[in-house]
Amino acid sequence: MTLVRQLLDQAARTPDGIALVSGDGSPLTYGELRRRVLAVRHGLLSEGLRTGDGVLFSVRPSPESLVLALGVVAAGGVVVFADPGAGPEMFTARLRLARPRWSAAESILYAGSRLGLVRAYARRRGLLLPNLAELQIPGGPPMRHIHAGRRLPGVPRGSLSLADLVRGDAPEPPDDTDPDAPAAVIFTSGTTAEPRAVVHSQASLAAALGLFRDRMPLGPGDVVHTDQLMLGLPTLISGARWSMPPLFCRPADFVRLMRERAATHAFCVPVHLAEILDTAPELPPTLRYVLLGAAPAPAGILKRAVKATSAEVLSVYAMTEILPVAIASAEEKLAHTASGAEGDLLGAPLPGVGTCLADDGELLLSGPNLCRGYLGAEPFDELPTGDLARLDEGRLVLMGRKKDMLIRGKFNLYPGLYEPSIAALPGVEEAAIVGVPDSETGDEEVVLAVTGPAGLPARLRRDLPGVIDHDALPDRIVVLDELPRSGRTRKLDRDLLREQVARRAGTPR
């Protein structure tokens, strides 16, 4: 059974139940959600969308974007997530690889990418937008357009209105789509010369959603507060309620909405949870699960979270190619670090997820939730993760990233092996190790960047020899107000951190 079919069937069973509460508090019933998805599906098919057509998707998280994405997949299309804010060159490279026949974007984005005054304003804000209205694949048919929101100057002539599609007829589909056909393309990394995009099918996504539901039980009466599609979808398939925060939601408002909507489950990236706890030391008592993901969860944040709630605090290890892989509780992770064991505990692999270690310790993954492969490349059955790991009584322990390895003489230093233990020391809020290359020796100066009080370096010089290997001791320790982050998930930006500590070369060692 496909992902969309699971959702449609659930909605048919509970048509009067509230499926979703939007950022502004507007409710959407399961019955109306179902009707809208089927209406978009029917409208797109009537307008010529064909099985396998890519739809470039530039609509921010909202009930409208959910309906549009599900309608595209229900019609046999492929949702292509290619961030237009990545810059014109990268966007063009991604477009060339994906070759979508359709573009779906918010009206304001069409206007902002086409009108000179708006483009100039966006450029001053550091956002270089491609001209979405004039997209064209070389040698391909003219691009079709769908706009969300009222028509604005700059929206292409002939663009389909999402509002009109939603109001159209909504016949029942005569049959289901192929569960193994591509359903979503997600660009993750790569260069303008070689962009990389992950291809998921409905089957692989459905398997992923099932793993979330098995580890974090969901059902009618539960309320999941998140803006993440991969947690919102299992919520809807389970008959629970998706509480969607507004865009750019402030931490205080995030907590207020959790309390007002009686949230039972919540998802945060670790740095966002830290900001939330700064404003609300105690989380709402209705919470049963707090899920952390998209980046490693430092011990300091885990300790604060455990103190702030009676809910089970969970940390998920996942990759865009295969999600989720393992989920560990905060108590398990903290106990692992406190024991003096090396690395970051990820937890036992979830049911059906296959794991093995290459000769160099790289973690290889497989399972029904694994993507089909990378766009334009041969499919694969096993994913080399680039993560170094070990097994500890059946549990995965992350030892670091292969690409983050630092060279110090004959010693290979993996930052992820030591950062959790350093971050667990008193006074340390966050810790990251980077290398600054020495052009003369070829070695790297090992720099430990921490956030915390000003007197922290002296204390760390005293404590670190008892915590990490002698060969891993840093050449220099710097205290920063915050560690640099990037992207929507606000992951640590090691390249930018390396630049920052290199500029502070005069810092006392």
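Mentor: The radius of gyration is taken over C-alpha atoms, and the globule rule is 2.2 Å times the number of residues to the power 0.38. Please keep in mind that this is a predicted model.

Trainee: What radius of gyration does the chain have, against the value for a compact globule?

Mentor: The chain has 24 Å. A compact globule of 509 residues would be near 23 Å, so the two values agree. Along the principal axes, the C-alpha atoms fill a box of roughly 70 × 50 × 45 Å.

Trainee: How many helices and strands are there?

Mentor: There are 16 helices and 28 strands in the chain.

Trainee: And what percentage of the residues is buried?

Mentor: Buried residues account for 54% of the 509.

Trainee: What share of the contacts joins residues at least 24 apart?

Mentor: Counting contacts between residues at least 6 apart in sequence, 61% join residues at least 24 apart.

Trainee: Where is Ala423 found, and is it buried or exposed?

Mentor: Ala423 belongs to helix α14, residues 415-423. Its relative accessibility is 6%, so it counts as buried, the cut-off being under 20%. Setting aside neighbours within four places in sequence, Ala423 has contacts with Ala299, Gly300, Val428 and Ala431.

Trainee: Let us change topic to helix α9. Why is it described as largely enclosed?

Mentor: Helix α9 spans residues 229-237, and eight of its nine residues are buried, so the rest of the structure largely encloses it. The buried ones are Met230, Leu231, Gly232, Leu233, Pro234, Thr235, Leu236 and Ile237.

Trainee: What is Thr235 in contact with?

Mentor: Thr235, a residue of α9, is buried because its relative accessible area is 0%. Beyond its neighbours within four places in sequence, Thr235 touches Tyr30, Leu218, Val224, Ala240, Arg241 and Trp242.

Trainee: Which residue with a positive phi follows α9?

Mentor: That is Gly239, with phi near 80 degrees.

Trainee: Which residues other than glycine have a positive phi?

Mentor: Phe248 and Ala262 are two such residues. Most residues other than glycine have a negative phi. Phe248 has a phi of about 55 degrees and sits in the loop between β11 (241-243) and α10 (251-260). Ala262 has a phi near 55 degrees and lies in the loop between α10 and β12 (265-268).

Trainee: How exposed are Phe248 and Ala262?

Mentor: Phe248 counts as exposed because its relative accessibility is 73%. Ala262 is at 35%, so it counts as partly exposed.

Trainee: Where is there a cis peptide bond?

Mentor: The bond from Leu323 to Pro324 is cis, and its omega is near -15 degrees. Pro324 is part of strand β15, residues 322-329.

Trainee: What volume does the second largest pocket have?

Mentor: The second largest pocket contains about 440 Å³ of space. It is lined by 23 residues, of which Ala274, Ile301, Glu429, Glu430 and Thr451 are the closest to its centre. Helices α11 (270-279) and α12 (299-308) are the elements that give two or more residues to this lining.

Trainee: How does the lining of that pocket divide by class?

Mentor: The lining of the second largest pocket has ten nonpolar, three polar and ten charged residues.

Conventions
Residues numbered from 1 in each chain as written. Predicted model: local features only at pLDDT ≥ 70, side-chain atom pairs only at ≥ 80, totals over all residues. Heavy atoms only, no water. 1 Å grid on protein atoms, 1.4 Å probe; cavity = no way out; pocket = protein on both sides within 12 Å on 5 of 7 lines; lining within 4 Å. Points joined across faces, edges and corners; volume = space filled by probe spheres on them. Helix = DSSP H or I, 4+ residues; strand = E, 2+ residues; numbered from the N terminus. Nonpolar A, V, L, I, M, F, W, Y, C, P; charged D, E, K, R; others polar. Buried < 20%, exposed > 50% of the residue type's maximum accessible area, 1.4 Å probe, protein only. Contact = heavy atoms within 4.5 Å.
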